[in-house]
Amino acid sequence: MSRVEITVARYRGYGYDCRTVVNPSPELEPIVLVGGAFQQKIAWGRLEALLSASASVVTVDLPGWGESDLLPAWRGIDFLADALHHVLELAGHRRVHVFGGSYGGAVAFHLAQRYPEQVLDLALMG
């Protein structure tokens, strides 16, 4: 049976978190789902349930998303990619498969560019 872990983070003064549905016997490394600007980490529902049969599934509310701290417009994609890397490290997710949708696709793409050692696979959806 899976359990849920919440990892709370602060990056450059902004509070946010990630949610990991832990698969106790995973077949794959964790799968990270990075949603769009108006999506919340709890919104992945059916996809999260499907993927959690094979891997732990990580969803995030980066700064500016969901219930996380507000983010000023001048903070860019690189900042968000670095914040994503930071919370994944805190949660112990050193190597992950990443899916980015909508605005989260840009964040996921920059994560793969900046931290290629962390990203096993990358899937993007516009």
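1. Start with Ser 102: this residue is partly exposed, with a relative accessible area of 46%. You'll find Ser 102 in the loop between S5 and H3. Its phi is positive, about 60°, although Ser 102 is not a glycine. Most residues other than glycine have a negative phi, so that backbone angle deserves a look. Bear in mind that this is a predicted model.

2. Is Arg 12 buried or exposed? With a relative accessible area of 54%, Arg 12 is exposed, given that the cut-off for exposed is over 50%. Ser 102, at 46%, is in the partly exposed class. A positive phi turns up after H2 as well, at Gly 92, where the value is near 85°.

3. Now H3, residues 103-114. Twelve residues at 1.5 Å a residue should span 16 Å, and the end C-alpha atoms are 17 Å apart, so the helix agrees with expectation. Which residues of H3 are buried? They are Gly 104, Gly 105, Val 107, Ala 108, Leu 111 and Ala 112. Looking down the axis of H3, you see these buried residues within an arc of 160°, so they line one face of the helix. That face packs against strand S3 (31-34), helix H2 (77-90), strand S5 (96-101) and strand S6 (119-125).

4. H2 has 14 residues and runs 20 Å from first C-alpha to last, close to the 20 Å expected at 1.5 Å a residue. Ten of its 14 residues are buried, so H2 is largely enclosed by the rest of the structure. The buried set has Ile 77, Phe 79, Leu 80, Ala 81, Asp 82, Ala 83, Leu 84, His 85, Val 87 and Leu 88; note that Asp 82 and His 85 are on that list. The cover over these residues includes S1, S2, S3, S4, S5 and H3.

5. How do the two helices meet? H2 and H3 pack at an angle of about 70°, and their axes are 8 Å apart. Angles of 65 to 115 degrees count as roughly perpendicular, which is why H2 is described as roughly perpendicular to H3. On the H2 side, the residues involved are Ile 77, Asp 78, Leu 80, Ala 81, Asp 82, Leu 84, His 85 and Leu 88. H3 brings Tyr 103, Ala 106, Val 107, His 110, Leu 111 and Arg 114 to the meeting.

6. In soluble globular proteins, nonpolar side chains tend to be buried together. Here the largest nonpolar core has 28 residues, and those with the most contacts inside it are Val 32, Leu 62, Leu 84, Val 98, Val 107 and Leu 111. Strand S1 (3-11), strand S2 (14-22), S3, strand S4 (57-61), H2, S5 and H3 each supply at least two of its residues. Which element gives the most to this core? H2 does, with eight residues.

7. Leaving aside neighbours within four places in sequence, Leu 62 is in contact with Tyr 16, Val 34, Ser 68, Leu 80, Ala 83, Leu 84 and Val 107. Another core lies apart from the largest one; it has six residues, among them Leu 33, Trp 44, Val 57 and Phe 99.

8. Leu 70 is exposed, with a relative accessible area of 74%, and lies in the loop between S4 and H2. Not counting residues up to four places away in sequence, Leu 70 touches Tyr 14 and Gly 64.

9. Pro 116, in the loop between H3 and S6, counts as partly exposed at 48% relative accessibility. Beyond its neighbours within four places in sequence, Pro 116 is in contact with Arg 95 and Leu 111. Gly 126 falls in the segment after S6 and counts as exposed at 99% relative accessibility. Pro 116 and Gly 126 are ten residues apart along the chain, with 21 Å between their C-alpha atoms.

Notes:
Residues numbered from 1 in each chain as written. Predicted model: local features only at pLDDT ≥ 70, side-chain atom pairs only at ≥ 80, totals over all residues. Heavy atoms only, no water. Helix = DSSP H or I, 4+ residues; strand = E, 2+ residues; numbered from the N terminus. Expected span 1.5 Å × (residues − 1). Buried < 20%, exposed > 50% of the residue type's maximum accessible area, 1.4 Å probe, protein only. Arc of directions from axis to C-beta. Contact = heavy atoms within 4.5 Å. Core = buried A, V, L, I, M, F, W, Y, C linked by side-chain atoms within 4.5 Å. Axes fitted to C-alpha atoms, helices over the stretch in contact; angles between N-to-C directions. Parallel < 35°, antiparallel > 145°, perpendicular 65-115°, else oblique.
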